Amino acid sequence: MRPNKLWKEGDFLHRLNKFYFNVSIIIAVITTVLVPSNPEQGNILLKYKYGFPLNYITIIQRKPISKWFGTNFFAGNMGLAINPLTFLINILVLYFVILYLVKMFLRHSSKN
């Protein structure tokens, strides 16, 4: 028995479906690479923001090179900011969307 009574067997982490969670991680990473960004003009620098549904990576450059993540990441940049909390929120949003879609599909297929 665990000493902490707040941790129960029916907890969120125990009920988390690992397959759907892994799929949501893969979708979050792939959309970062495949969805292009439009630069936001600052005073002198350009900001490219990546991530879906929320932006969690910001690449800062002086002159526009490309809107694609791979080119901007590997071609040299002035700065890189990664927000891991926003990445986790993206994963959770995608996870719950996947769960909802699976439930709707199963409900619809069981009626037929």
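**Close-up views of a predicted model**

**View 1. The largest nonpolar core.** Eight residues make up the largest nonpolar core: L16, Y20, F21, A28, I91, L94, Y95 and I98, 8 residues in the count. A nonpolar core is a set of buried Ala, Val, Leu, Ile, Met, Phe, Trp, Tyr and Cys residues joined through side-chain atoms within 4.5 Å. Buried means under 20% relative accessible area, exposed over 50%, and partly exposed in between (1.4 Å probe, protein chains only). Helices α2 (18–34) and α4 are the elements that give two or more residues to this core. The largest share, 4 residues, comes from α4. A second, separate core has 7 residues, including L46, Y48, Y50 and Y56. In soluble globular proteins, nonpolar side chains tend to be buried together.

This is a predicted model: local features need pLDDT of at least 70, side-chain atom pairs count only at pLDDT 80 or more, and totals for chains, interfaces and linings use all residues. Residues are numbered from 1 along each chain as its sequence is written, and side-chain values use heavy atoms, with hydrogens and water left out.

**View 2. The whole chain, for orientation.** The protein chain has 4 helices and 4 strands. Helices (H or I, at least four residues) and strands (E, at least two) are DSSP runs, numbered from the N terminus. Along the sequence the pattern reads α-α-β-β-β-α-β-α. Of the 112 residues, 24% count as buried. Contact means heavy atoms within 4.5 Å. Among contacts with a separation of 6 or more, 43% join residues 24 or more positions apart. The chain exposes about 8400 Å², and carbon and sulfur atoms supply 66% of it. Accessible areas come from the Shrake-Rupley method with a 1.4 Å probe; for residues, only the protein chains shown count as cover.

View 3. S24 lies in helix α2. S24 is buried because its relative accessible area is 0%, under the 20% limit. Neighbours within four places in sequence aside, S24 is in contact with I91, L94, Y95 and I98.

**View 4. L92 on helix α4.** L92 sits in helix α4. L92 counts as partly exposed, with a relative accessible area of 27%. L92 and A28 are 64 residues apart in sequence, yet their C-alpha atoms are 9.9 Å apart in space.

View 5. T86 belongs to helix α4 (residues 84–111). Is T86 buried or exposed? T86 is buried, because its relative accessible area is 14%. The side chains of T86 and N83 are joined by a polar contact of 2.9 Å. A polar contact is a pair of N or O atoms within 3.5 Å; within protein, one must be able to donate a hydrogen and the other to accept it, and residues adjacent in sequence count only if both atoms are side-chain atoms. Beyond its neighbours within four places in sequence, T86 is in contact with L54, N55 and Y56.

**View 6. A nonpolar surface patch.** L54, L85, L88, I89, V93, V97, Y100, L101 and M104 make a nonpolar surface patch of about 790 Å². Patches are made of residues with over 30% relative accessible area and no salt bridge; like charges are joined within 9 Å, nonpolar side chains (Val, Leu, Ile, Met, Phe, Trp, Tyr) within 5 Å. L85 is in helix α4. L85 counts as exposed because its relative accessibility is 55%.

**View 7. The salt bridge of K49 and E40.** The count comes to 1 salt bridge, where a side-chain nitrogen of Lys or Arg must lie within 4 Å of a carboxyl oxygen of Asp or Glu. K49 pairs with E40, and the closest N and O atoms are 3.8 Å apart. K49 is partly exposed at 30% relative accessible area. E40 is partly exposed at 39%.

**View 8. Two prolines in loops.** P53 is placed in the loop between β2 (46–50) and β3 (57–61). The peptide bond from F52 to P53 is cis, with omega near 0°. P64 is in the loop between β3 and α3 (69–74). P64 is exposed, at 59% relative accessible area. Its neighbours within four places in sequence aside, P64 is in contact with L46 and Y48. P64 and Y48 are 16 residues apart along the chain, and their C-alpha atoms are separated by 9.4 Å.
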